[in-house]
Amino acid sequence: MKFLSTFFSQCKKFYLSKILGKHYIRTGKCKACGRCCSQIYVRHAKNIIHDEKEFEYLKTLHYFYTYLKIVGKDETGLVFECSKLDKNTGKCKAYKNRPLLCRQYPVEEIFMMGGAISEECGYKFVPINSFEEIFNKLKHQ
């Protein structure tokens, strides 16, 4: 039985890392704290959104942007909050109809671009290959 478990674990690692090009596995579940829906930056194409004119244009491209409201601006760019966030419960008021971006959050790409998830978040990113596995592979090359 241990052999099958190890075999499937290795197959999963191969699929995720070699086929999909992933480096991390997302674990955990949402705690409905609402932190990911407030005080956020939005990246479009290659850049963080910096000005209101660009944001107004993006709202014509996809309905997701109409959910966002600007709550500030700093040296990084515009700071947003989702208008569908119920601040009292930390839950989404449009949960069943939320955009794909929200359904998939958090994704490795955000994490790999230097983004971070809150320490209190129920999700974590775990390396697919442990440090020891990578070290041993390099040591034997």
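The side chains of Lys87 and Glu81 meet in a salt bridge, with N and O 3.1 Å apart; a salt bridge is a side-chain nitrogen of Lys or Arg within 4 Å of a carboxyl oxygen of Asp or Glu. The structure is a predicted model, in which local features need pLDDT of at least 70, side-chain atom pairs count only at pLDDT 80 or more, and totals for chains, interfaces and linings use all residues. Residues are numbered from 1 along each chain as its sequence is written, and side-chain values use heavy atoms, with hydrogens and water left out.

Lys87 is exposed, with a relative accessible area of 60%, whereas Glu81 is buried, at 8%. Here buried means under 20% relative accessible area, exposed over 50%, and partly exposed in between (1.4 Å probe, protein chains only). Salt bridges link Lys69, Glu81 and Lys87 in a network.

The structure holds four salt bridges. One of them joins Glu120 and Arg35 at 3.8 Å, N to O. Glu120 lies in the loop between helix 4 (108–112) and strand 9 (123–127) and Arg35 in the loop between strand 1 (24–28) and strand 2, so the pair ties together parts that are 85 residues apart in sequence. Helices (H or I, at least four residues) and strands (E, at least two) are DSSP runs, numbered from the N terminus. In another salt bridge, the closest N and O atoms of Lys59 and Glu56 are 3.2 Å apart. Both residues lie in helix 2, three residues apart, about one turn of the helix.

Ser38 is found in strand 2 (residues 38–40) and is buried, with a relative accessible area of 19%. Not counting residues up to four places away in sequence, Ser38 touches Phe80, Glu81 and Leu85, where contact means heavy atoms within 4.5 Å.

The largest nonpolar core has 13 residues, and Val42 and Phe80 are among those with the most contacts inside it. Such a core is a set of buried Ala, Val, Leu, Ile, Met, Phe, Trp, Tyr and Cys residues joined through side-chain atoms within 4.5 Å. Strand 6 gives the largest share of this core, three residues. Leaving aside neighbours within four places in sequence, Val42 is in contact with residues including Ile49, Tyr65, Leu68 and Phe80.

Arg98 lies in the loop between strand 8 (91–92) and helix 3 (100–104). Leaving aside neighbours within four places in sequence, Arg98 is in contact with Tyr63 and Arg103.
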